[in-house]
Amino acid sequence: MDQKVRYEIEFPINSSPQLLYQYISTPSGLSEWFADNVNSRGEFFTFIWNDSEEKARLASKKTGEKVKFKWVDDKGKDTEYFFELHILVDELTKDVSLMVVDFAEKDELEEATLLWENQISDLKHLIGSV
């Protein structure tokens with residue numbers, strides 16, 4: 001398997017950081033735009049899309065600012081890959097954006113970026129930030 005590369009994408013979002021945080025940090029919020037269903041047990045989250053399931057551990061969070069999920073293997077051990085959702089607020093304009101940090105194989109980078117664009121589009125519609 002190829003080594004995955006880290007990438008970052010920033011999306012402007014018309015929302016309060018507090019509202020946005022609810023959608024990026026809770027199973028119910030994430031299941032409305034990120035996955036078909038999200039379950040949690042302690043720090044472990046299960047993301048369900050169609051017939052596939054991926055498990056991640058909530059590695060860190062800062063209330064109102066960011067969450068970081070580390071993907072785990074079948075034994076529940078951390079892998080080297082993660083995704084992070086970070087709410088940024090411009091100090092001068094107070095504009096809010098969501099920074100996505102993720103990993104993808106080099107030849108799948110464009111596809112992964114498009115997937116995030118579609119998911120963030122769903123999130124924007126959900127919170128009325130279109």
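## A buried arginine

A residue counts as buried when its relative accessible area is under 20%. In this predicted model, R57 has a relative accessible area of 17%, so R57 is buried. R57 is found in strand β4, which covers residues 52–62.

What does R57 touch, leaving aside residues up to four places away in sequence? The list reads E43, F44, K68, F69, K70, V72 and D78.

## Aromatic pairs

A search of the whole structure finds 16 aromatic pairs. One of them joins F47 and W49. Their ring centres lie 6.1 Å apart and their planes meet at 20°. Planes under 30 degrees apart count as stacked, so F47 and W49 form a stacked pair. Are these two residues buried or exposed? F47 has 0% relative accessibility and therefore counts as buried. W49 stands at 23%, so W49 counts as partly exposed.

W71 and F83 make another pair. Here the centres are 5.3 Å apart and the planes are at 35°, so the pair is tilted. W71 belongs to strand β5 (residues 66–72), and F83 belongs to strand β6 (residues 78–89). The pair therefore ties together parts that are twelve residues apart in sequence. Both W71 and F83 are buried.

## One aromatic cluster

Which residues form one aromatic cluster? The members are W33, F34, F45, F47, W49, F69, W71, F83 and W116. The stacked pair F47 and W49 belongs to this cluster.

Helix α1 spans residues 17–25, and helix α3 spans residues 109–127. How do their axes meet? The axes come within 12 Å and cross at roughly 130°. That angle makes α1 oblique to α3. The crossing is right-handed.

Which residues make the contact? On the α1 side they are L19, L20 and Y23. On the α3 side they are L123, L126 and I127. By type, the contact has six nonpolar residues, no polar ones and no charged ones.

Note on methods: Residues are numbered from 1 along each chain as its sequence is written. This is a predicted model: local features need pLDDT of at least 70, side-chain atom pairs count only at pLDDT 80 or more; totals for chains, interfaces and linings use all residues. Side-chain values use heavy atoms; hydrogens and water are left out. Axes are lines fitted to C-alpha atoms, for helices over the stretch in contact, and angles run from 0 to 180 degrees between N-to-C directions. Helices (H or I, at least four residues) and strands (E, at least two) are DSSP runs, numbered from the N terminus. Angles under 35 degrees count as roughly parallel, over 145 as roughly antiparallel, 65 to 115 as roughly perpendicular and the rest as oblique. A crossing is left-handed if the near helix is turned anticlockwise from the far one by less than a right angle, and right-handed if clockwise. Contact means heavy atoms within 4.5 Å. Ala, Val, Leu, Ile, Met, Phe, Trp, Tyr, Cys and Pro count as nonpolar, Asp, Glu, Lys and Arg as charged, and the others, Gly among them, as polar. Rings of Phe, Tyr and Trp (its six-membered ring) pair if their centres lie within 6.5 Å; planes under 30 degrees apart count as stacked, over 60 as edge-to-face and the rest as tilted. Buried means under 20% relative accessible area, exposed over 50%, partly exposed in between (1.4 Å probe, protein chains only).
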